[in-house]
Amino acid sequence: MSTDTQMNGGQTTASEVAVLELKGLCKSFGGLQATRDVTLRIMAGDRKAIIGPNGAGKTTLFNLITGIYPVTSGQVLLFGQDVTSWPSHRRTALGMARTFQVTSLFPRLTVLNNVLLAIKGLRPSKFVMWRFLSSYKEVYDKAHHLLEQVGFLDRKDTEVRNLSHGEQRQLEIVLGLASDPKILLLDEPAAGLSSGESTEMTEFLMKLDPKLAILLIEHDMDVVFDVADEISVLHFGEVLETGAPEAIKKSKRVQEIYLGTD
Amino acid sequence: MASQQIKILMVAIALVAFVFIVPQSGSFVILLATRAMAFGILAMSVDLLLGYTGMSSMGQAAYFGVGAYLTAVLATKFHFGMGWDFWLVVVLGILIGAGLAALFGLFAVRAGGVYFLMITLALGQCVWGLAYRWNSLTGGDNGINLSGRPNFGLDLGNEVIFFYLVFGFFAVSMLMMYVLVRSPFGQSLAGIRERELRMQILGYNTWLHKYIAFIIAGGFGGLAGVLWAHTNGHVSPETVVLTTSVDALLMVVLGGAGTLIGATIGTAIVFGLREYLSTLVPWWQYALGGVYVLTILYLPMGLMGIPSRLRQRFAQGKNEDSKKLATKPS
């Protein structure tokens, strides 16, 4: 425990429990080491970003945190609880949510039903078989409210596959927020967006509840520098450097990795 | 929403018309309709898995078969289920179908796609093997002949009364499954069909949801089996053979998976073609095969996909288009 506190510059007090903590996380696929000894600590309200060139192991890291892949060694802690061997749905129940780099919506369901499913995910009534999903007033109102916030209300009965890519990216985040998470993992929210759309996305992210912790993977540096307070650089599965956006921007090593002058 | 109500109304009218017209016809038609309805329950249960959950089960005949054999064995060996206790047999049939699915589901549900298909196929063949070889219980290849239908004040030996009874079960099953697929649980199945990984990340234990769906489908399969035994008066390994599972699957694909109504339309068409065509031409199986191939090639959504296809063709470019598409039955 003491070593972790040191890593965070000793800023945290003992009473505070990290929302998410990774301890010496490793993952190998056969001979390929995709994640090497990643240690990370995220407190409530933190806005952190992970950057790195393609194939650096960013999405793999997310898949380890969310329980899609089993870890090779190391630990994942959510709110101080060791969840390393837990399945994804139990981690979600603790207050974790994520979005996907490749849009992962329910294409043949309506926008409204996508959101309703996302809200229902953590409620016991998801097993009810004798009532229409649409008859749950409170859940319906919440979905309504979420869709209103992003201005999707007029399209609520459209099947998701008929939405534009930009709209799908936005809905991707709405689905992540629907379960009222305490930590949100965003996997390239601006992937494939035009510069105008990605500015909109940045504004949207900055308006989110300040108590919500966000871990962000992104290639669009404008988004990263606006949203994140701290950036970690991943290279060949290893955390190379961690620091404030300004420091990272100036770092020689980071520039080398990205420009490939090695 | 309005178009949904129109669709429900259309189905209701069709059912009412059906229940009035069929009894006026000859006993051949009545029996055919009764058989189709009993099998239709099985087809709808397959649709629950294939159309709504995205699991293509190739072993649904197993649950159908145990329901049918249970009925026949109880009736012939224990004289049970020929009076009021028929209703008990119905309950037992549902339970044995669900129970067997609960057992088989432990092996099958963890697998996906083709593997699920192969495992359900293998398990289905196990049940067929038992029916074929366990002579003392099942009568082996000869099967079991039932001596008659139950009589509890209502004489089910009367074709018309039995037709009404099976219609009742059919309509109630359809209503129950309709509510089920629109319930939070049913929609979670659709979510799993669309993207299982996302469902896990949203907090759903997708294995459990699929497992429960599998058990429910098994229960409906068992019910269909009980009715089937009394409709035919004869149960044999033919009832649980692989062809029965494949038939049910193809009927769903023909009518349109994920619509419930499609499953019943598919059943009606296959039963109709089989009965009428087989009296006309010796090569009727080729005709049926041709229908399947054409459907899969040109109507991936099945016959139920025709209206939306036509709408797409005629309303292209219109703003209304996407809205109409969105309210298509799911």
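Visitor: In which loop of chain A is A:D180 found?
Guide: This is a predicted model. A:D180 has a positive phi of about 50 degrees, although it is not a glycine. Its place is the loop between α6 (165–177) and β7 (183–187) of chain A.

Visitor: Where is A:F236, and is it buried, partly exposed or exposed?
Guide: A:F236 also is not a glycine and has a positive phi, of about 45 degrees. The residue lies in the loop between β9 (230–235) and β10 (238–243) of chain A. Buried needs 20 or more other C-beta atoms within 10 Å, and exposed 12 or fewer. A:F236 has 16, so it is partly exposed.

Visitor: What is the strand order of the open sheet of 4 strands in chain A?
Guide: In this sheet β1 (residues 20–29) is joined to β2(A) by 7 bridges. β1(A) also pairs with β4(A), over 5 bridges. β4(A) in turn pairs with β5(A) over 2 bridges. The pairing is antiparallel, and the order is β2-β1-β4-β5.

Visitor: Which strands are at the edges of that sheet?
Guide: An edge strand pairs on one side only. That holds for β2 (32–42) and β5 (81–82) of chain A.

Visitor: Which residue takes a positive phi in the hairpin of β4(A) and β5(A)?
Guide: A:L78 stands opposite A:Q81 in β5(A). The hairpin has 2 residues between its strands. The one with a positive phi, near 50 degrees, is A:F79.

Visitor: Which strands does helix α2 of chain A lie across, and at what angle does it run to β2(A)?
Guide: Helix α2 (residues 58–65) lies across β1, β2 and β4 (73–78) of chain A. Its angle to β2(A) is about 65 degrees.

Visitor: Which strands stand at the edges of the open sheet of 6 strands?
Guide: The order is β6-β7-β8-β3-β9-β10 (chain A), with mixed pairing. Each edge strand has a single partner, so one side of each is left without a neighbour in the sheet. The edge strands are β6 (96–98) and β10 of chain A.

Visitor: By how many degrees are neighbouring strands of this sheet turned against each other on average?
Guide: Direction is ignored here. The average is 20 degrees.

Visitor: In which sense do β7(A) and β8(A) pair?
Guide: The two strands share 5 bridges. A:L184 stands opposite A:I214 in β8(A). β8 covers residues 213–217, and the sense is parallel.

Visitor: What angles do α2(A) and α3(A) make with strands of this sheet?
Guide: α2(A) touches β3 (47–51), β6, β7, β8 and β9 of chain A, and its direction makes about 150 degrees with that of β7(A). α3(A) touches β6 and β7 of chain A. Its angle with β6(A) is about 115 degrees.

Visitor: Which elements give two or more residues to the side of chain A that touches chain B?
Guide: 33 residues of chain A are in contact with 27 residues of chain B. The chain A side divides into 14 nonpolar, 12 polar and 7 charged residues. The elements are α3 (88–95) and α4 (111–120) of chain A.

Terms used: Residues are numbered from 1 along each chain as its sequence is written. Chains are lettered from A and ligands numbered from 1 in the order in which they are written. This is a predicted model: local features need pLDDT of at least 70, side-chain atom pairs count only at pLDDT 80 or more; totals for chains, interfaces and linings use all residues. Two strands pair if DSSP finds at least two bridges between them. Two residues are in contact if their C-beta atoms, placed from the backbone, lie within 7 Å. Axes are lines fitted to C-alpha atoms, for helices over the stretch in contact, and angles run from 0 to 180 degrees between N-to-C directions. Ala, Val, Leu, Ile, Met, Phe, Trp, Tyr, Cys and Pro count as nonpolar, Asp, Glu, Lys and Arg as charged, and the others, Gly among them, as polar.
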